[in-house]
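These notebook entries record what I looked up in the structure shown below.

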Amino acid sequence: MKRPFETEERAAFRAVIKNFVEKEIRPYAFDWDEAGAVPWALHEKLGALGVFGLGIDERYGGLGFDDPFMRVIYAEEMAQCGAGGVQAALGGRGISLDPIEKLASQDIKDRCLKDIVQGRKGSSLGITEPGGGSDVANMKTTAKLDGNHWVINGSKTFITGGMESEYFVIGARTGGPGLTGISLFFVDADTPGFSRAPLTKKMGWWASNQATLFFDDCRVPAENMMGQRDYGFIQIVNNFNYERLGLSAIALGMMKVCLDDSIEWAKQRETFGKPMIKHQVIRHKIADMSAKIDATQAYLDNICWSIEQGDLPVAEICKSKFFATKALEFCASEAMQILGGAGYLRGNRVENVYREVKVLAIGGGSEEIMRDLAVRQMGL
Ligand SMILES: Cc1cc2nc3c(=O)[nH]c(=O)nc-3n(C[C@H](O)[C@H](O)[C@H](O)COP(=O)(O)OP(=O)(O)OC[C@H]3O[C@@H](n4cnc5c(N)ncnc54)[C@H](O)[C@@H]3O)c2cc1C
């Protein structure tokens, strides 16, 4: 389906990412996934393309402009490497970048931001706690002021990139109950009182690491508070909209993997005397997948257009996320059926995508929470 908003500049950006995925990632993606990590040099190669610099000022190595379409293009094209863990390993820093640029002190930005944007160092956002991720308002980690330091106590879990990141943006309670009362802190990984442990044996996203972080009287300088006291979380709410838009775009890219690999297989595989692509049942599966891809793509294009017009279509972003992950669940299942036994073997994109549907349906705001938020945005 044609993309009405694909300007020359965006098409060129897409071509650059597509080429990078084909040459630098796809030949090695499954090996890295099995090994549980990507070489750090890849972070720097990708950083050099400017992909972490959308919305970041040029003095910190950013592009100096933002473009929601390019955010979608980046996520969608990267997803077509077929190993979500590789994409998560490289892009995990994305959700901490905007908060650092918008809310961190000048000193912190001067010291760290360029290294993160250019891929030399990693950063993570730590909101989810062992006690729960959906109910952020119930956050238990605390930060108490002691002289000119904040003392953080508590724990975070499922933190993407957490085993390798040198910098963290951490939510902690500084005030009363609820979403107000939560502040954000910049924590260096070598701060005394900070420690971490990996989450292992995951269903997918093997090439990326997720960590449980521990804060045991972890003292950070007072100036490491990011943004306004008690309103830190509220100040980064928009960040979650971009994260969700990105996750929807990853789902779109993965759906395209399902469709492309299904077509390729169905053309070459013969059953009952003819190529599978000639069987009507298979053709209908292809049609259904293709329709869901078109709908998701049009939905995301429209959301990006709204953002470009200056709107923030929160309800649509939430709806697009669960729409996209449900559509992906369908496509992954149909693609597996088309590939049959061959799809069940490791080392093909469909097998990988099938295992990685759920992390998109749960992470960054689960399908249930997205539905709730969308309906609330509708004033109900
Ligand atoms: C691979 C991976 C990477 C992640 N990376 C990060 C990261 O970098 N940083 C970070 O902060 N977090 C991260 N997360 C955490 C993620 O955001 C949470 O898993 C998510 O928000 C859900 O929280 P939970 O797992 O604690 O589920 P819970 O909040 O315990 O919910 C469990 C289930 O119940 C449902 N549920 C909860 N409340 C309701 C309700 N009221 N009505 C109906 N259903 C409900 C939820 O939708 C969910 O399906 C990551 C998670 C994964 C799996």
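**Entry 1: domains.** I began with the separation of domain 1 and domain 2, whose C-alpha centres lie 23 Å apart. I noted that the model is predicted: local features need pLDDT of at least 70, side-chain atom pairs count only at pLDDT 80 or more, and totals for chains, interfaces and linings use all residues. Residue numbers run from 1 along each chain as its sequence is written.

I recorded the division of the protein into domain 1 (8-117), domain 2 (123-231) and domain 3 (236-377); such bounds come from an automatic or database domain assignment. I then looked up the contact between domain 1 and domain 2, and found 25 residues of domain 1 against 17 residues of domain 2. Contact requires C-beta atoms, placed from the backbone, to lie within 7 Å.

On the side of domain 1 that touches domain 2, helices H2 (29-35), H5 (84-91), H6 (94-103) and H7 (106-117) each supply at least two residues. Helices (H or I, at least four residues) and strands (E, at least two) are DSSP runs, numbered from the N terminus. By class, I listed 15 nonpolar, six polar and four charged residues on that side of domain 1. Ala, Val, Leu, Ile, Met, Phe, Trp, Tyr, Cys and Pro count as nonpolar, Asp, Glu, Lys and Arg as charged, and the others, Gly among them, as polar.

**Entry 2: ligand shell.** Which residues come nearest to the ligand? Of the 21 residues around the ligand, I found these to be Thr 128, Gly 133, Ser 134, Thr 160 and Ser 366. A residue is near if its C-beta atom, placed from the backbone, lies within 6 Å of the molecule.

Strand S1 (123-126), strand S3 (149-160), helix H12 (349-362) and helix H13 (367-377) each give the shell at least two residues. I recorded its classes as eight nonpolar, 11 polar and two charged residues. Domain 2 and domain 3 both contribute residues to the shell, so the ligand shell lies between them.

**Entry 3: H10 and H11.** I looked up helix H10 (residues 280-308) and helix H11 (residues 314-339), which pack at about 160° with axes 10 Å apart. Axes are lines fitted to C-alpha atoms, for helices over the stretch in contact, and angles run from 0 to 180 degrees between N-to-C directions. H10 and H11 are therefore roughly antiparallel; angles over 145 degrees count as such, under 35 as roughly parallel, 65 to 115 as roughly perpendicular and the rest as oblique.

H10 passes H11 in a left-handed crossing, where the near helix is turned anticlockwise from the far one by less than a right angle, clockwise being right-handed. I counted in this contact 12 nonpolar, two polar and five charged residues.

**Entry 4: H9.** I found H6 packed against helix H9 (residues 237-268) at about 155°, with axes 10 Å apart. The crossing of H6 and H9 is right-handed. Gly 94, Ile 95, Asp 98 and Pro 99 of H6 meet Asn 239, Tyr 242, Glu 243 and Gly 246 of H9.

I also looked up H9 with H11, at about 20° and with axes 8 Å apart. That makes H9 roughly parallel to H11. The contact of H9 with H11 holds 21 nonpolar, five polar and three charged residues.

Conventions:
Contact = placed C-beta atoms within 7 Å.
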